[in-house]
Amino acid sequence: MVLIDTHTHLYYEADEAKRDELMLRCKQNNIDRLFLPNVDAASVPLMFDLLKAYPDNCYPMLGLHPCSVKENWEEELAVIQPAIHQHKIYAIGEIGIDLYWDKTFLAEQIQAFKLQIKWAKALNLPIVIHCRDAFDEVYQVLLDEQDDKLRGIFHCFSGTLEQAHKIIDLSFYLGIGGVVTYKNAGLDKVVEQIDLKHIVLETDSPYLTPVPYRGKPNESSYLIYVAQKVADLHKTFVEEVAEITTANSKAVFGI
C-alpha cells in the first residue's frame, strides 16, 4: 500500500532530528511521497532545503498564498517566479483567495491568482488552490480562466455537495484532509457521495490535524487516519482508497 500526501508544509520543521522522525513515521505508515506547497518568498529556500535532504520523497510546488498577498505582492512574485527555473516543480501553489482573515486585498488576490494561473498554463503544470470563505470568488476566476490547460487540486475542500460537483466539472480533484474526521464539520456527508476517482488525500500539516490527534500539530504520517475515514465512508478497505487516490495524484502531478 502506498499513500501520497498531496499537501504538506513539512519544511516548517527546522529541527533536523525532529524532521527525520517525521519522515520515519511517514515511511512506517506507507506515506511515500510528499508534495510541498510554497506560501511566500521566504519559504522558497526552506522548501528547497528539505528537498535536498529527502530528494526521493519530496516534490515541490511554488506559488504565493493568498494570505501572503499584501501591498508588496508583485515583489513577492518577482522572487518566486525565478525559483521556478531553479528546480523541477510539480505545480503552482498554493494559490487562490482567502477572505476569512481580511478582505482588504481581494482585488490583489484575484490579480495574483490569475497571474499565477497563467504561469501554470505556460509551464503545463497543475495548480493547487487555497480557498477560504471565498468559493464564489474562486469559482468565478476558474470560469474566467477555464480551458483545456486549467487543472489541478482544490486543496482542503470543505464545501457542499453542489460545490464539489462544480469543481469536479472543471476537471479538478478534491483535496481531502483531516476535516473529514471532524464530527460536526459535515464534510463526511459530502465525501461519502463523491466517487473516489475525484479525490486526493492531504494533511496540510502542521495544520488541520485529524482525529484522534486533533488539537496537536499535524504531520504527514497522520494521513493514514484520513485514508481510513474515507474508506469507512465508502464502506471499503483502506488499501483501495490508497490505490485510487495514489493513481489520482499521479494523474495530477505526472509522477
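Here are some friendly notes on the charged side chains of this predicted model.

1. A word on the ground rules. Residues are numbered from 1 along each chain as its sequence is written, and side-chain values use heavy atoms, with hydrogens and water left out. Because the model is predicted, local features need pLDDT of at least 70 and side-chain atom pairs count only at pLDDT 80 or more, while totals for chains, interfaces and linings use all residues.

2. The whole structure holds seven salt bridges (a side-chain nitrogen of Lys or Arg within 4 Å of a carboxyl oxygen of Asp or Glu).

3. One of them joins Glu145 and Lys118, at 3.8 Å from N to O. Glu145 sits in helix 5 (residues 135–145) and Lys118 in helix 4 (residues 106–123), so this pair ties together parts that are 27 residues apart in sequence. Helices here are DSSP runs (H or I, at least four residues), numbered from the N terminus. Glu145 is buried, with 11% relative accessibility, whereas Lys118 is partly exposed at 46%. For these words, buried means under 20% relative accessible area, exposed over 50%, and partly exposed in between (1.4 Å probe, protein chains only).

4. Next, look at Arg33 and Asp32, whose closest N and O atoms are 3.9 Å apart in a salt bridge. Arg33 is buried at 16% relative accessibility, and Asp32 is partly exposed at 36%.

5. Lys189 and Asp188 form a salt bridge too, with 3.5 Å between the closest N and O atoms. Here Asp188 is buried at 11%, while Lys189 is partly exposed at 48%.

Notes
Helices (H or I, at least four residues) and strands (E, at least two) are DSSP runs, numbered from the N terminus.
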